[in-house]
Amino acid sequence: MSTIEIRHRTRFHYTGEIPTSYNEARVIPAHLPRQRVLTSNVDIAPVTWQTSYVDYWDTRVIAFEVLRPHRSLTVTATSRVEVMPEYQPWQAPDWDEIRSPALIDRLAEYLENTPATEPDEELAEFARETAARHEPGETARRICHFLHESVKYVPGSTTVHTPAAHAWTERSGVCQDFAHLAIGALREVGIPARYVSGYLHPNRTSAIGETVSGESHAWVEWWAGDWLGYDPTNDAVVADHHVVVARAREYADVMPVKGVFTGADSELTVTVDVTQVA
């Protein structure tokens with residue numbers, strides 16, 4: 001078990017003065033059986049009005065408005081979270097259970113691919129061939145391992161709007177692309193899969209109390225009688241250094257900060273500082 005503190009700062013700098021902006025932030029870690037949020041605070045500057053609610057995907061959202069002229073906007077989320085390793089029994093249901101009408105009906109939203117997750121035919125064929133030889137749990141692990149071996153992690157090689165098929169063609173991407181690729185391949189063979197956004201402590205050898213530079217992270221969960229987490233970017237089971245913020249169909253459902261404004265262009269700067277405190 002680990003206790004991790006995260007400071008996530010998002011800053012928009014506008015090229016000119018804008019009169020108003022309307023925004024949403026999804027930056028508060030989730031309360032889960034394996035994850036206890038000890039403290040959480042979100043500071044927004046400037047802000048005129050704000051409220052919070054839980055969205056359709058069970059994510060805590062802060063909605064806020066800035067109703068006066070401004071040239072920048074900063075959202076700083078600071079949280080301390082106690083995280084336990086995720087139990088991974090690897091006893092997935094067989095294909096008959098995975099493809100049963102009752103399960104398909106219940107988890108239909110995690111079975112349909114979107115333009116962001118639709119796999120390239122080459123990757124889809126690999127998934128189908130793997131599923132023909134292995135049970136669902138082993139199929140899922142082999143798909144994630146295949147992606148880890150086939151695609152290079154290259155910061156800046158894609159954007160938040162890059163579809164999975166393009167990342168596969170280029171054989172490069174970031175954690176968001178690895179998650180979308182895995183989700184698309186899993187759904188291709190009928191395994192319900194969802195996108196997880198959160199944070200990852202990047203250096204497990206750092207000393208207790210040492211602050212290191214991190215970033216937002218993404219991984220995947222698939223259905224195996226329960227949701228099981230796997231990090232295809234690192235080809236690893238989700239552990240006590242992964243902190244969950246939100247889970248949904250794809251990145252567009254869980255964007256950390258998004259909004260609407262007019263009157264200028266913007267430059268985005270994001271910093272994430274991660275400290276293991278226990």
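This is a predicted model: local features need pLDDT of at least 70, side-chain atom pairs count only at pLDDT 80 or more; totals for chains, interfaces and linings use all residues.
**Ground rules**

I number residues from 1 along each chain as its sequence is written, and I leave hydrogens and water out, using heavy atoms for side-chain values. Local features need pLDDT of at least 70 and side-chain atom pairs count only at pLDDT 80 or more, while totals for chains, interfaces and linings use all residues.

**Entry: the sheet**

I looked up the strand order of an open sheet and found β3-β6-β1-β16-β10, 5 strands with antiparallel pairing. Strands here are DSSP runs of E, at least two residues long, and helices are runs of H or I of at least four, numbered from the N terminus. Two strands pair if DSSP finds at least two bridges between them.

Which strands stand at the edges? They are β3 (35-45) and β10 (211-214); each has a single partner strand, so one side of each is left without a neighbour in the sheet. I noted an average twist of 20 degrees from one strand to the next. Axes for such angles are lines fitted to C-alpha atoms, for helices over the stretch in contact, and angles run from 0 to 180 degrees between N-to-C directions.

I then followed β1 (residues 2-18), which is joined to β16 (residues 266-276) by 11 bridges, the two running antiparallel. In β16, T275 is the bridge partner of E5.

**Entry: salt bridges**

I counted a salt bridge where a side-chain nitrogen of Lys or Arg is within 4 Å of a carboxyl oxygen of Asp or Glu. The count by this rule is 14.

E5 turned up again here, in a salt bridge with R80 at 2.8 Å, N to O. R80 lies in strand β6 and E5 in strand β1, so this pair ties together parts 75 residues apart in sequence. For cover I used relative accessible area: buried is under 20%, exposed is over 50%, and partly exposed is in between (1.4 Å probe, protein chains only). R80, at 31%, counts as partly exposed, and E5, at 27%, is partly exposed.

I next checked R247 and E221, whose side chains meet at 3.3 Å, N to O. R247 is in strand β14 (residues 242-248) and E221 in strand β11 (residues 216-223), 26 residues apart. Is each one buried or partly exposed? R247 is partly exposed at 21%, whereas E221 is buried at 2%.

E125 and R128 also form a salt bridge, with their closest N and O atoms 2.9 Å apart. Both are in helix α3 (residues 121-133), and being 3 residues apart they are separated by about one helical turn. E125 is partly exposed at 32%, and R128 is partly exposed at 31%.

**Entry: helix α6**

Of its 14 residues, 13 are buried, so α6 is mostly covered. G190 follows α6 and has a positive phi, near 90 degrees.

**Entry: a nonpolar patch**

I found that Y22, L67 and V260 make a nonpolar surface patch of about 290 Å². L67 sits in the loop between β5 (60-66) and β6 (70-83), and L67 is partly exposed at 42%. Patch residues have over 30% relative accessible area and no salt bridge; like charges are joined within 9 Å, and nonpolar side chains (Val, Leu, Ile, Met, Phe, Trp, Tyr) within 5 Å. Areas come from the Shrake-Rupley method with a 1.4 Å probe, and for residues only the protein chains shown count as cover.
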